[in-house]
Amino acid sequence: MAVQIVYSYHRGSRQMEHIGSAHDDAELELLKAVARQRLAAGQGVLDLGPGFGAGGGGPLPIRSSRMGCLLDALCRAHAGLGPASLVLFDVSTLYFETDAGDGFREPGFSKERRLDPQITIGLLTDQDGFPLMVSAFEGNKAETKTMLPVIESFMAAHGLPDVTVVADAGMVSEANQKAIEAAGLSFILGMKIPHVPYAVAQWRREHPDEEIPDGHVFTQPWPAGPHGGRRDQVFYYQYRHDRARRTLRGIEEQVRKAEQAVAGKAPVKRNRFIQLAGGTHSVNRELEAKARALAGIKGYVTNLRACPDGTPVTAEFVIGAYHQLFQIEKSFRMAKSDLQARPIYHRARDSIEAHLTIVFAALAVSRWIEHRTGWSIRKFVKTARRYRTVQIQAGNHILTAADPIPDDLRQALNAINDRTRAH
């Protein structure tokens, strides 16, 4: 208690010195003496060594200051990597501010709509978006050729006989899907729907005057057959009112522009509903009808024999697992914004891959903290960095002081430090 009072005295002295700039030294010393007597009245004296005490004056020197609660929390994060049952895969791109490619940094299809040389990043995560593996590919490498090498490398590194791959339709070509099947992998994939599925067409024939109920799922098995060379598959087609509304709005806008172009009221631009036959432009009504019939329908395909917990595969599980892909998209956004993965100033491939390793190690820590606390990493860092631990030298003694931590931050720190909770 005496130390706290003496420390308060020195803060008071500092304030009085500022006020005393308008008075002569004699008046200032008199005021300081009165202040010392009043503050020390009835208090014992703690000997802190030479240079500290009633005649020492001046503020106490701070020997160190650290964001203790933030740094300790970040360094406690860890990943428990066991046999993975469900993994998400997606790719993104990182551009370089250079004009010429070098075989690795090459122009290609850019997620950010840029023409600069870039690299393609393949990210494998668990179903919560926690990063499991990151790989870098040439910037002009086709997305569909990145998935299988990453997954096979991950399985080999961790001795996994099988994983269930979850990926978007854009990541999977027909050849790529066959390669996944040939590798003996389980999958849940989004699928492109070129034609109205049989199950949907049959339902409409049987319910000619009804609208498909919101959330309705059509199930269409596809047995492998005796010489199929693949597992049995099941297609699920889900209809959503909101999805149909948005799609139909886009179709109507495109058809309107196509009609204006065909009538000569607007320039002919790229529009899927404009067809050219015999040198004449017309609106492709057949394609319009098919697009309207498919509005609101999203397709999914899986070859799973059972869910990871051994229960039968359901449409809810397959669709729910696919929708977890938003987690990997969130990880990419965090890496580019919160973790500042770009711009990259390295040129050599080894240096670039080392940079990515650091970024995605930080991403792993960030996703872990978000999972344990329910806070965004931005909120956690912004809050925790304000509370510091300082060491103050008082004579021959080093005193440690810390900012009081508010209840909500303490609860978040306790959640991070709780070893009984598994990721």
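Begin by selecting Asp407 and Gln411: both are exposed, on the side of helix 13 that faces away from its buried residues. The model on screen is a predicted one.

Now extend the selection to the whole of helix 13, residues 407-417. Which of its residues are buried? They are Leu409, Ala412, Leu413, Ala415 and Ile416. These residues cover an arc of only 155° around the axis, so they sit on the same side of helix 13.

**Helix 11 against helix 13**

To see where the two helices meet, show the side chains of Ile369, Arg372 and Thr373 in helix 11. Their counterparts in helix 13 are Ala412, Ala415 and Ile416, three residues already listed among the buried ones of helix 13.

Next, select strand 12, residues 389-394, and display its side chains. They alternate along the strand.

Which strands pair with strand 12? One is strand 1, residues 62-66, which pairs with strand 12 in the antiparallel sense over 4 bridges.

Follow the chain from strand 12 into strand 13 and stop at the hairpin, where 2 residues lie between the strands. Select Gly395 in this hairpin: Gly395 takes a positive phi near 65°.

**Helix 6**

For the last stop, go to helix 6, residues 198-206. Color Ala199, Val200 and Trp203, which are buried. Viewed down the axis of helix 6, the buried residues fall within an arc of 100°, so they line one face of the helix. Then turn to the face directed away from that buried side, where Tyr198 and Arg205 are exposed.

What covers the buried residues of helix 6? Show strand 7 (217-222), strand 8 (233-239) and strand 11 (297-302), which are among the elements that cover them.

Definitions and conventions: Residues are numbered from 1 along each chain as its sequence is written. This is a predicted model: local features need pLDDT of at least 70, side-chain atom pairs count only at pLDDT 80 or more; totals for chains, interfaces and linings use all residues. Side-chain values use heavy atoms; hydrogens and water are left out. Buried means under 20% relative accessible area, exposed over 50%, partly exposed in between (1.4 Å probe, protein chains only). Two strands pair if DSSP finds at least two bridges between them. The arc is that of the directions from the helix axis to the C-beta atoms. Contact means heavy atoms within 4.5 Å.
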